Every structure is written in structure tokens, then in C-alpha cells.
2 protein chains.
Amino acid sequence: MKRDISTSAKIKEAAKNVFLLKGFSGCSSREIANAAGENVALVNYYFRSKGKLFEQIFQSVMEESLTTMIVEFGSDLPLREKMRIFIKHEYAFLKKHPEIPFFILNEMNREDGFVLDTKAIMSKISETGIFEEILQAQKAGTMREISLVGIITLIMSNCQFPFMAKNLMCQLLDLNKEEYPTNLDNHEQYVTDMLLDYFFITNTNK
Amino acid sequence: MKRDISTSAKIKEAAKNVFLLKGFSGCSSREIANAAGENVALVNYYFRSKGKLFEQIFQSVMEESLTTMIVEFGSDLPLREKMRIFIKHEYAFLKKHPEIPFFILNEMNREDGFVLDTKAIMSKISETGIFEEILQAQKAGTMREISLVGIITLIMSNCQFPFMAKNLMCQLLDLNKEEYPTNLDNHEQYVTDMLLDYFFITNTNK
DNA sequence: AAACAATTTAAACACTTGTTTAAAACAAAA
DNA sequence: TTTTGTTTTAAACAAGTGTTTAAATTGTTT
């Protein structure tokens with residue numbers, strides 16, 4: 001009768017928090033239920049299993065992360081500016097959701113991690129024409145000849161690693177966890193300068 | 001009487017393989033025992049617990065990884081060449097042990113991951129004088145003014161991420177897992193060029 | 001040979017895991 | 001109020017967890 005959407009949503013929200021923090025294998029159904037303030041059986045009543053619940057959440061997190069990058073690629077700014085803004089938005093997104101990079105990586109490295117449907121999202125990105133734009137810039141000589149895979153890897157490395165390696169860096173370099181965000185602000189500038197300088201060939205043949 | 005070192009070593013070796021592949025929470029004591037071809041109880045007979053066993057292995061892996069970088073820092077090559085060789089050795093090491101970066105990161109992000117003793121190793125690195133050398137180069141104007149933390153983060157990002165994100169990249173970009181190493185060879189060149197060009201200021205004021 | 005201590009084993013321990021069951025509580029319709 | 005269907009609950013399920021125990025096996029020393 002009365003569909004209590006609140007309970008289902010409460011579980012889903014609690015599950016997202018717990019999964020992001022501990023990963024799939026790192027938490028139990030009961031932990032999720034407790035975090036939601038509900039009974040264990042309700043997790044399987046609303047979602048069929050712990051795995052199905054995780055699948056829903058992971059897919060949504062994945063899409064959220066990937067669609068963030070679509071917006072600016074469609075604009076008609078110069079390629080270099082597009083890239084700069086993209087990196088800026090990527091850092092802004094990761095500052096809000098610093099757990100996501102490791103969460104995704106962790107799941108992708110799980111032995112029985114399910115295959116996810118990224119083709120739909122990747123083709124959306126492809127439809128913005130960003131990839132052709134890069135190839136044309138390379139042909140025109142304004143951009144260094146790096147493979148698309150290389151470009152993407154360079155960007156992801158320098159954007160995602162600093163966030164997922166927070167604990168490692170803080171222990172290794174004896175840094176204060178509270179002031180690590182300040183570090184990240186500096187690093188964003190480093191990364192932006194370095195990547196753009198490397199990607200784009202400035203005309204110095206005066 | 002006769003100390004059968006073989007059994008203890010067999011378990012340790014099997015445990016290292018399993019831990020590297022699945023992580024601490026991702027495997028069971030019995031799985032380790034089976035991989036070693038031994039009884040479950042022997043794991044706790046030789047090592048006091050699963051946790052103690054992991055602690056030993058993690059510490060050794062951590063030291064192995066960090067001491068790799070010490071050798072070349074002591075040489076008297078120019079700083080730029082030192083860096084180039086360091087990146088080269090780092091990539092060579094990671095090609096041999098591609099699971100290590102994620103293994104370490106995963107453990108550092110575990111909620112009850114134990115604090116490790118890195119100060120001893122870090123001070124060894126510090127003793128090579130590499131950090132002072134960088135600061136002097138920055139003062140002399142041959143090196144860009146980036147914080148030490150920034151430099152280390154840039155290097156680690158670009159060396160470690162491509163290895164730990166193999167599964168992610170392959171799924172995302174629809175790459176063949178078997179030919180990913182080829183990608184890594186290309187990437188090593190990109191990374192080396194990019195980092196050195198960014199770190200060091202070439203004298204173009206002719 | 002017997003005695004001894006180190007090693008290995010199968011079995012059990014108490015506990016947690018994901019999931020299911022069957023009864024209770026609830027709200028709305030008859 | 002009774003009926004009906006949905007939601008929630010406590011309890012149980014079988015399987016798996018790390019760890020311990022106590023007996024069996026082994027090798028070495030006397």
C-alpha cells in the first residue's frame with residue numbers, strides 16, 4: 001500500500017557511505033543496516049542482496065564521476081583552456097568526494113568485481129568530439145604527439161593519485177592529515193602547469 | 001630439534017603471493033594454507049596470527065619498495081640525470097612487481113591498518129642528501145620552486161598510478177590486458193620527459 | 001631400543017558472514 | 001470490524017572466519 005520510500009532510501013544512503021569508506025569486502029550487511037538504523041533483513045527485502053545493492057551504488061558513483069567531465073568538453077573554448085578547466089573541475093569534484101578514486105580502483109581490482117557498463121558513458125564523452133579535437137591539434141602541431149591513452153593516463157594519474165594516496169603520503173612524509181587539503185591546492189597548480197606545458201607546444205620560433 | 005625452515009618459508013611465500021593479490025581482508029587463513037599446501041593450524045603455529053604474518057610481509061614489501069630508490073640518490077651524477085635514472089629504476093621495479101603499489105595503498109587505507117615504521121627508511125633516503133640537493137638547485141635557479149612534498153607526489157603519481165590502475169584503464173578504454181605493458185613502456189617515456197621538463201629550468205636566455 | 005621434543009594433523013571452538021523464514025506489526029480497503 | 005497486503009522484526013540457517021586443542025606423527029638424542 002503506502003510505499004515507504006524513506007526506508008529504502010535510508011538504507012541506500014547509509015550503504016553508500018559505508019561502501020565508500022570501507023569497500024565492498026570491508027563491511028557487512030549488518031554494518032550497513034545499523035548505519036541506516038534498520039533491521040538486517042530489510043537490506044535484502046528492498047535490494048535482493050548485498051551484491052545487488054553494491055552494484056547499484058557503484059554504477060551510480062561511476063556515472064557521477066565520469067559525467068562530471070562531459071560538460072566542459074562540449075564548449076567551444078580553445079583546447080588548452082578546455083583542458084585547464086577540466087583539470088580544475090576534476091580537482092573541485094575530488095575535493096568534494098575524495099574517497100571516490102580509491103573506491104573505484106578498489107572495486108576494479110577485486111577478483112570477482114563485476115564488469116561495468118562504461119561504453120555508454122565513454123561514447124558520450126567521445127560524442128563531444130574531444131578526441132578528434134586532440135588528434136587534429138596533434139596534426140596541426142600545436143599539441144605534442146602522445147597517444148590518447150597516454151593523455152588520459154597522465155591526467156588521471158595527476159588528479160586522482162594525490163587524493164587516494166592521502167594516508168600513504170601523510171604517513172610517509174609525516175604530514176598532518178588536517179592540512180593535507182592545503183597541499184592539494186598547491187598540487188593542483190603544479191599539475192595544471194605541468195600537464196598543459198607538456199601537452200601543448202608553444203610557438204617560440206620568433 | 002631439526003628446524004624445518006622450509007615449511008615456515010613456504011607459508012610465508014604463499015602468504016605474500018595471496019596478500020599481494022587479494023589484500024589482507026580479501027583472503028582467509030585457509031586460503032593461505034592451501035596455497036602453501038599445508039594445514040591451517042600451521043599458519044598460527046609458525047606465525048602467531050594472520051595479522052602478525054601480514055605485518056611481517058607488509059613491512060618487508062614496504063622496505064623493499066622504498067630502499068629501491070636509495071641507491072641512485074647517492075651517486076654524484078647531475079641532479080637531472082639522477083632523477084631520470086630514478087624514474088627508470090622505479091618503472092623497472094614496478095614492471096617486476098606491478099601489484100605492489102595498490103597493495104600498499106590498500107593497506108594504508110584500511111581502517112585498522114597498523115602504523116608502519118617508515119622513519120628509519122625515510123631518514124636513510126634523507127641521508128643521501130637528495131633533499132638538500134634539490135633545495136640548492138632551486139636556490140640556484142636550475143630547478144623550479146616546487147615543495148618537496150609536491151615533487152614526491154608528482155613522481156609517485158606518474159610512476160605508481162599507471163600500474164595500480166591497470167584494470168580500471170583497460171575496462172574504461174577497452175584495452176587488451178596483455179598488451180598493457182607496451183602502453184607502460186610508452187608512458188614511461190612520456191612521464192620522464194614531462195617531469196624532467198617541468199622540474200628543471202633550461203637556460204634559454206641566449 | 002626408549003624417551004624426548006618439534007612438527008603436523010584433524011577436529012573443534014566461538015564468532016561473523018550473507019541470506020531466509022515465519023511470525024508480528026502496520027496501514028488501508030472492504 | 002474484519003480483511004488484505006505491505007512492511008518490519010527476531011530468529012534461525014548453513015557456510016566461512018581466525019584461532020585453539022589435543023592427539024598423532026616425525027625426527028633426534030640418549
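Q: What makes domain 1 and domain 2 the divisions of chain A?
A: The bounds come from an automatic or database domain assignment, and chain A is divided into domain 1 (1-49) and domain 2 (68-199). Residues are numbered from 1 along each chain as its sequence is written, and chains are lettered from A in the order in which they are written. This is a predicted model, in which local features need pLDDT of at least 70 and side-chain atom pairs count only at pLDDT 80 or more, while totals for chains, interfaces and linings use all residues, and side-chain values use heavy atoms, with hydrogens and water left out.

Q: How do you know how many residues of domain 1 of chain A are in contact with domain 2 of chain A?
A: Contact means heavy atoms within 4.5 Å, and by that rule 5 residues of domain 1 of chain A are in contact with 6 residues of domain 2 of chain A.

Q: What area do domain 1 of chain A and domain 2 of chain A bury between them?
A: Buried area is the accessible area (1.4 Å probe) that two parts lose on being put together, summed over both, and here it is about 440 Å², 69% of it on carbon and sulfur atoms. In domain 1 of chain A, A:Phe19, A:Leu20 and A:Phe24 lose the most area to domain 2 of chain A, together 77% of what that side buries.

Q: How many salt bridges does the rule find across this interface?
A: A salt bridge needs a side-chain nitrogen of Lys or Arg within 4 Å of a carboxyl oxygen of Asp or Glu, and the rule finds 0 across the interface of domain 1 of chain A and domain 2 of chain A.
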